[in-house]
Amino acid sequence: MNKKVDISWNYLENVTEALDSYKIRAFIDAKDEIIDCGVYNEYQFFEILFKMIDEEKLKFELYNYLKNNQDNGFSIIKQFSEEKKIKIKKVLSLLELLEIEGLIFLEDINKSNQNEDINEIFTKNFEDILIKVKKSSLKELKTIYEPVKVIFNSNICAGCGICAGICPMDCINIQNGYGEIDENKCIRCGLCYFVCPRSFLPAEILNIYQNKTSNIKNNKNLGPYLEAYVARTKVKEIKAACQDGGVSSTCILYLLNTNEIDAALGAKIGQNPWCPEPTIIKNKDDIINSAGTKYVNNPNLKLLNKFNLEDKKIAVIGVPCMMQALLKSKIYNINIPSINSVKYRIGIFCMESFSYEQGFLKICEKLNVDLRDIKKTNIDKGKFLIHTNNDDILSIPIKEINHLAREDCEVCFDLTSESADISIGSIGAPLGWNSVLIRTQKGKELFEALINNDLIESKPIEEVKPGLELLKKTAIGKKKNSYKHIIKKLEQNKKVPIY
Ligand code: SF4
Ligand code: SF4
Ligand code: SF4
């Protein structure tokens with residue numbers, strides 16, 4: 001923090017409140033244990049600490065500004081943004097944090113409780129908000145970020161793995177979609193809760209951060225996107241190994257070959273047949289080994305701190321909850337080195353995931369298939385399909401196996417990886433092709449590079465059937481289902497994610 005600051009009472013008040021934040025105190029108190037643990041060295045420890053203090057200070061500055069101001073609409077946000085010379089989206093992200101922490105309350109004056117449009121439920125119009133500041137003692141209101149055990153225990157964990165990937169004490173273990181914490185090592189800093197996409201996820205803020213250009217098609221069913229295509233790989237080794245169009249594998253091949261990235265995080269089949277495990281992808285062989293969709297939950301992001309990714313550039317291929325975790329951590333950035341290393345978010349469509357024993361193996365049992373006979377699995381036209389080595393196709397309607405999917409996935413509203421740079425999946429595309437939603441400028445440049453280098457062929461999604469309509473319909477269906485389950489959990493007084 002060797003920058004020039006104007007030391008005023010106001011400044012000191014904000015710094016004091018920041019230093020009094022529970023997660024900062026826990027972090028400072030456990031400095032020696034954290035450095036001994038070895039996930040972060042002393043330099044990284046202080047980088048994280050100072051960034052957390054800066055962010056907390058700015059948040060309390062906003063809180064005190066709101067508290068001391070008469071105006072309580074969007075104009076106060078604009079005023080704060082102009083005075084402090086910070087972007088409105090940054091102020092909005094802090095505003096959401098203040099609400100999540102219970103320090104303010106945001107009322108959307110035009111939102112009806114009877115709203116029938118499912119998209120409105122997961123969005124917020126900040127221009128229509130009234131800000132109500134809670135003025136009781138800050139000490140009473142300050143949130144304690146607890147360890148994510150509470151997320152595991154409430155059956156809402158997405159199994160993304162980011163908590164394990166950033167924990168400074170390396171004390172979270174996620175296996176087969178379920179997590180546990182070594183209580184003897186945990187310092188209760190709450191960083192895991194802070195980054196978790198199922199503790200709180202300000203969905204509208206994520207959309208605002210994605211939405212950087214005026215060309216955006218803000219289709220709320222599919223999240224913000226620039227362009228939509230179908231595409232398939234021209235790389236013959238990938239074509240032979242991939243599930244559908246092979247576009248995600250081709251993205252990684254191009255990024256590695258051009259040194260845009262040093263490695264990618266993905267999933268490959270592990271020691272147990274058809275049971276995936278997180279993997280680091282560094283070359284073409286790794287890409288071929290990791291090709292193909294896996295329907296068993298796999299916490300890719302837990303590898304974030306297992307390898308020395310500092311000063312590296314990485315891409316992550318993963319499902320929507322992983323893209324949400326990464327974008328959330330980018331917005332609420334606390335200088336975690338491995339998260340800063342993520343340069344590309346390559347999202348895969350995901351309807352639901354299964355645990356290995358209680359899900360995937362039970363489906364195989366129902367279809368009476370030996371694991372060693374399986375060549376490929378996929379979901380198409382409402383059916384789960386298993387292709388065997390003898391070229392038989394065994395199928396079962398999804399509705400007959402829905403009960404085997406993870407309960408944790410029921411609250412997930414995102415089908416198409418709305419928080420990715422580029423989203424890829426099979427829904428909407430003809431057989432052997434991928435549907436591709438380009439969401440950010442970076443995603444657009446990557447897709448164009450694949451075409452210019454003759455690595456893929458593509459056509460606008462409007463030219464194919466079933467196309468965008470099926471994708472939208474399936475995406476709305478997932479949002480509705482998620483909302484239904486959230487309401488059910490609330491009626492049962494169960495914990496739900498704050499979206
Ligand atoms: S489990 Fe969570 S609260 Fe405990 S040390 Fe790790 S990050 Fe901190
Ligand atoms: S959702 Fe991700 S970050 Fe949250 S508890 Fe589960 S694995 Fe950890
Ligand atoms: S359904 Fe959602 S929570 Fe479950 S694995 Fe897919 S993206 Fe993650």
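Colleague: Where does Arg439 lie?

Modeller: Arg439 sits in the loop between β16 (434–438) and α20 (441–452). Helices (H or I, at least four residues) and strands (E, at least two) are DSSP runs, numbered from the N terminus. A word on the model: it is predicted, local features need pLDDT of at least 70, side-chain atom pairs count only at pLDDT 80 or more, and totals for chains, interfaces and linings use all residues. Residues are numbered from 1 along each chain as its sequence is written, while chains are lettered from A and ligands numbered from 1 in the order in which they are written.

Colleague: Is Arg439 buried or exposed?

Modeller: We count neighbours: a residue is buried with 20 or more other C-beta atoms within 10 Å of its own, exposed with 12 or fewer, and partly exposed in between, with C-beta atoms placed from the backbone. Arg439 is buried because 29 other C-beta atoms lie within 10 Å.

Colleague: Which residues does Arg439 touch?

Modeller: Contact means C-beta atoms, placed from the backbone, within 7 Å. Leaving out residues up to four places away in sequence, Arg439 touches Gln210, Pro224, Tyr225, Leu226, Ala420, Asp421, Ile422 and Ser423. Arg439 and Ser423 are 16 residues apart in sequence, yet 7.5 Å apart in space, C-alpha to C-alpha.

Colleague: Now a helix, please. How many residues does α6 have?

Modeller: The expected span of a helix is 1.5 Å times one less than its number of residues. Helix α6 (residues 88–100) has 13 residues and reaches 18 Å from first C-alpha to last, close to the 18 Å expected. Its buried residues are Val91, Leu92, Ser93, Leu94, Leu95, Glu96, Leu97 and Leu98. Among the elements covering them are α4 (42–67), α5 (74–84) and β1 (104–108). After α6 comes Gly102, with a positive phi near 80°.

Colleague: And sheets: in what order do the 3 strands of the open sheet run?

Modeller: Two strands pair if DSSP finds at least two bridges between them. Here the order is β12-β13-β14, with antiparallel pairing. The edge strands, β12 (374–380) and β14 (393–397), each pair on one side only. Strand β13 (residues 383–388) pairs with β14 over 5 bridges, and Phe384 stands opposite Ile396 in β14.

Colleague: Last one: how many residues surround ligand 2?

Modeller: A residue is near a molecule if its C-beta atom, placed from the backbone, lies within 6 Å of it. For ligand 2 there are 16, and the closest are Val148, Cys157, Cys160, Cys163 and Cys196.

Definitions and conventions. Two residues are in contact if their C-beta atoms, placed from the backbone, lie within 7 Å.
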